[in-house]
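User: I would like a close look at one part of this model, followed by how the rest of the fold is held together. Please keep it brisk.

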Amino acid sequence: MTTLVFGHKSPDTDSTGSPIIWAWYLSNVLDVEAKPVLLGEPNTEALFMLDHWKLDKPEIISDVADDQPVVIVDTNNPAELPANINNADIKAIIDHHKLVGGLETKAPIHMVIEPLACTATIMWKLIGKDMAQMPDNIKGAMLTCILSDTLEFRSPTTTQEDKAVAWSLAESLGIDIAEYAAAMFAAKSDVSSFSEAELLRMDSKEYAVDGKQFRVSVLETTSPASVLDRKDALMAAMPAVAEEDGADQVLLFVVDILNEEATMLIPNELSKTVAEKSFDATVSGDTVVLPGVMSRKKQIIPNLKV
C-alpha cells in the first residue's frame with residue numbers, strides 16, 4: 001500500500017514542501033512507494049514554490065483509512081492531523097516542534113524531532129549522501145521551506161544548521177537568496193483574493209491555555225498595511241470562525257517580516273487580557289504592536305496566558 005506523507009492542517013510552505021521531499025526520498029532512494037498529500041489548501045507562498053519549481057500540487061485529503069501507512073512531518077499534534085490518525089499505521093514522524101503527545105502507533109517507529117527552524121533542514125541531514133541524487137526542483141522546495149520558516153534567517157528559531165543548509169542549497173541551485181526570498185515573501189503578502197475567514201485559518205494552530213481554546217493565527221507579510229486595512233472585517237469574522245472551529249477566541253498576529261515585529265488584533269477583553277499578560281503589553285486600542293515578535297512557535301505560543 002502506498003505510504004502517504006503529510007504535514008499539518010492549514011499547510012504552510014514547510015507542510016507543503018516537506019511531504020514532497022520525503023515522498024521523493026522514500027520512493028526514489030528507499031524503494032518505498034510513497035505519495036505526498038495535503039490536509040488543506042496551501043498558502044500563497046507554498047503555491048509560489050510549486051509554480052516556481054514546476055512541482056505538482058499534492059492531492060488534498062480529509063482523513064485517512066484504518067491501517068493506511070503514513071509518515072507525519074512538521075507536526076506531532078493530533079489536533080492538526082486527520083481525525084482517524086490513531087487508526088492509521090504511522091511509520092515515522094519528522095518534526096521540529098515540541099512533543100505534544102496523544103498519537104498512538106501500531107509498532108515502534110522512526111521519530112526525529114530536532115530544535116531546528118525547519119523540517120526540511122532535518123530531512124537534509126537524514127538524506128545525507130543521497131542528496132546527490134535529488135533533482136533540482138526538490139532541492140528548490142527544500143530551500144524554499146527553510147527560507148520560509150526562518151523568514152530569511154530573521155526568525156529567532158533560526159539555527160546555524162538552517163543557515164548552512166540553505167546556503168549550500170542556494171549555491172547548488174545558483175540562487176540569490178535575497179532575491180528569491182523577496183519573491184517568496186511578495187507571494188505570501190498577496191492576500192487580496194482571500195476572505196477574512198480564510199485569512200484567519202490560513203496559517204493557524206489550535207492551542208489550549210488554562211481551559212481556554214485558542215486558534216492562534218499568524219500572517220507573515222512584507223506589506224502589513226494590506227492586512228491591517230482589513231482589521232475591522234477580520235475582527236468581525238473572528239466570532240464565527242471561533243464558534244465553527246470550537247475555539248473560545250481567534251488570536252491574530254500580523255508579522256511584519258522587514259520591521260521584525262508583530263501587530264496583534266484586539267477585538268475584545270479576552271484578547272486584551274491575553275496581550276497584556278502574555279507580552280507585558282499596554283493595550284489602548286484595537287491593535288497592539290509587539291516589537292521583535294516573529295515566531296509563533298518560540299515567542300507566541302509558549303508565552304500565552306489568560
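This is a predicted model: local features need pLDDT of at least 70, side-chain atom pairs count only at pLDDT 80 or more; totals for chains, interfaces and linings use all residues.

Where is the place of His96?

Analyst: Residues are numbered from 1 along each chain as its sequence is written, and side-chain values use heavy atoms, with hydrogens and water left out.

His96 sits in the loop between strand E5 (89-95) and strand E6 (110-113). Helices (H or I, at least four residues) and strands (E, at least two) are DSSP runs, numbered from the N terminus. His96 is buried, with a relative accessible area of 7%. Buried means under 20% relative accessible area, exposed means over 50%, and partly exposed lies in between (1.4 Å probe, protein chains only).

Next, its surroundings. Not counting residues up to four places away in sequence, His96 touches Asp14, Asp74, Glu114, Leu116, Ala117, Cys118, Thr119, Ile122, Asp149 and Lys297. Contact here means heavy atoms within 4.5 Å. Thr121 is 25 residues from His96 along the chain, and their C-alpha atoms are separated by 9.4 Å.

One of the residues that His96 touches is Cys118. Cys118 counts as buried, at 0% relative accessibility. Cys145 is also at 0% and counts as buried. A disulfide is a pair of cysteine sulfur atoms within 2.5 Å. By this rule the count is zero disulfides. Cys118 is in none, and its nearest cysteine sulfur, that of Cys145, is 5.1 Å away.

Now the charged pairs. The structure holds 18 salt bridges. Each is a side-chain nitrogen of Lys or Arg within 4 Å of a carboxyl oxygen of Asp or Glu. Among them is Asp203 with Arg296, whose closest N and O atoms are 2.6 Å apart. Asp203 lies in the loop between helix H7 (196-202) and strand E7 (204-209), and Arg296 lies in helix H11 (residues 296-300), so this pair ties together parts 93 residues apart in sequence. Both Asp203 and Arg296 are buried.

Asp286 forms a salt bridge with Lys231, with 2.8 Å between the closest N and O atoms. This pair also links distant parts of the chain: Asp286 is in the loop between helix H10 (269-279) and strand E11 (287-291), Lys231 is in helix H9 (residues 231-244), and the two are 55 residues apart. Asp286 is partly exposed, at 27% relative accessible area. Lys231 is partly exposed as well, at 21%. Salt bridges that share partners join Arg201, Glu206, Arg215, Glu244 and Asp245 into one network.

Aromatic rings come next. The whole structure has five aromatic pairs. Rings of Phe, Tyr and Trp (its six-membered ring) pair if their centres lie within 6.5 Å; planes under 30 degrees apart count as stacked, over 60 as edge-to-face and the rest as tilted. Trp53 and Tyr180 have ring centres 6.1 Å apart and planes at 65 degrees, so this pair is edge-to-face. Trp53 is in the loop between helix H2 (44-52) and strand E3 (59-60), and Tyr180 is in helix H6 (residues 177-189), so the pair ties together parts 127 residues apart in sequence. Both Trp53 and Tyr180 are buried. Phe253 and Phe279 also pair edge-to-face, at 5.8 Å centre to centre and 75 degrees between the planes. Phe253 belongs to strand E9 (residues 249-256) and Phe279 to helix H10, 26 residues apart. Phe253 and Phe279 are both buried.

A nonpolar core is a set of buried Ala, Val, Leu, Ile, Met, Phe, Trp, Tyr and Cys residues joined through side-chain atoms within 4.5 Å. The largest has 71 residues, and Trp22, Ile127, Met142, Leu143, Phe253 and Met264 touch the most other members. A second, separate core of 17 residues includes Met202, Val241, Ala242 and Ala247.

Finally, helix H10, where Phe279 lies. Ser271, Val274, Ala275, Ser278 and Phe279 are buried in H10. Seen down the helix axis, the buried residues of H10 fall within an arc of 95 degrees, so they line one face. The arc is that of the directions from the helix axis to the C-beta atoms. Their cover includes strand E8 (212-221), E9, strand E10 (261-265), E11 and H11.
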